[in-house]
Amino acid sequence: PYGNDYRKLDIEPPRKFTHAYRAALLCGGVDWFGWGGLTSAAHTDNDVEQTVAAFDQAIDLLRGEKLVA
């Protein structure tokens with residue numbers, strides 16, 4: 001995307017989007033601590049599966065709100 005210009009990818013997203021994204025993940029039972037991501041040995045396979053499912057649901061919710069294409 002963006003003609004391979006990494007500088008366009010390395011930006012802070014609008015606050016409205018980050019709030020909506022976190023809220024959408026919380027609806028799926030996953031709290032989000034920022035763009036860096038976080039996992040540990042304490043996360044089980046079920047935790048990872050729940051996170052992936054919550055992310056999938058969050059994208060659908062954000063699309064419904066026209067916050068992502």
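Guide: Before we look, one definition is needed: a residue counts as buried when its relative accessible area is under 20%, as exposed when this area is over 50%, and as partly exposed when the value lies in between. Please also keep in mind that what you see is a predicted model. The protein has three helices and zero strands, so that, in the terms of the definition used for such elements, there is no strand to number here. Of its 69 residues, 20% count as buried, and the C-alpha trace spans about 35 × 25 × 20 Å along its principal axes.

The part I would like to follow is helix 2, which covers residues 15-27. Its 13 residues reach 18 Å from the first C-alpha to the last, close to the 18 Å expected at 1.5 Å a residue. Within helix 2, the buried residues are Phe17, Thr18, Tyr21, Ala24 and Leu25. Seen down the axis of helix 2, these buried residues fall within an arc of 130°, and therefore they line one face of the helix. The spacing is worth a moment of thought, because an α-helix has 3.6 residues a turn, and residues three or four places apart therefore point the same way. On the face of helix 2 that is turned away from its buried side, you will find the exposed residues Arg15, Lys16, His19 and Cys27.

What, then, covers the buried residues of helix 2? Part of the cover is helix 3, which runs over residues 45-64, and, seen from the other partner, the buried residues of helix 3 pack against helix 2. Those residues of helix 3 are Ala54, Ala58, Ile59 and Leu62; down the axis of helix 3 they fall within an arc of 140°, so they too line one face of their helix. On the other side of helix 3, Asp45, Asn46, Glu49, Val52 and Gly64 are exposed.

A search of the whole structure finds two salt bridges, and the one between Asp5 and Arg7, at 3.0 Å from N to O, joins a buried residue, Asp5, with a relative accessible area of 19%, to an exposed one, Arg7, with 55%.

After helix 2 comes Gly29, whose phi is positive, near 85°. Helix 2 and helix 3 are the elements that give two or more residues to the lining, and helix 3 gives the most, with six residues. To draw the picture together, helix 2 has its buried residues lined along one face, with helix 3 as part of what covers them, and helix 2 also contributes to the lining of the largest pocket.

Notes:
Residues are numbered from 1 along each chain as its sequence is written. This is a predicted model: local features need pLDDT of at least 70, side-chain atom pairs count only at pLDDT 80 or more; totals for chains, interfaces and linings use all residues. Side-chain values use heavy atoms; hydrogens and water are left out. A salt bridge is a side-chain nitrogen of Lys or Arg within 4 Å of a carboxyl oxygen of Asp or Glu. Buried means under 20% relative accessible area, exposed over 50%, partly exposed in between (1.4 Å probe, protein chains only). Helices (H or I, at least four residues) and strands (E, at least two) are DSSP runs, numbered from the N terminus. The expected span of a helix is 1.5 Å times one less than its number of residues. The arc is that of the directions from the helix axis to the C-beta atoms. Contact means heavy atoms within 4.5 Å.
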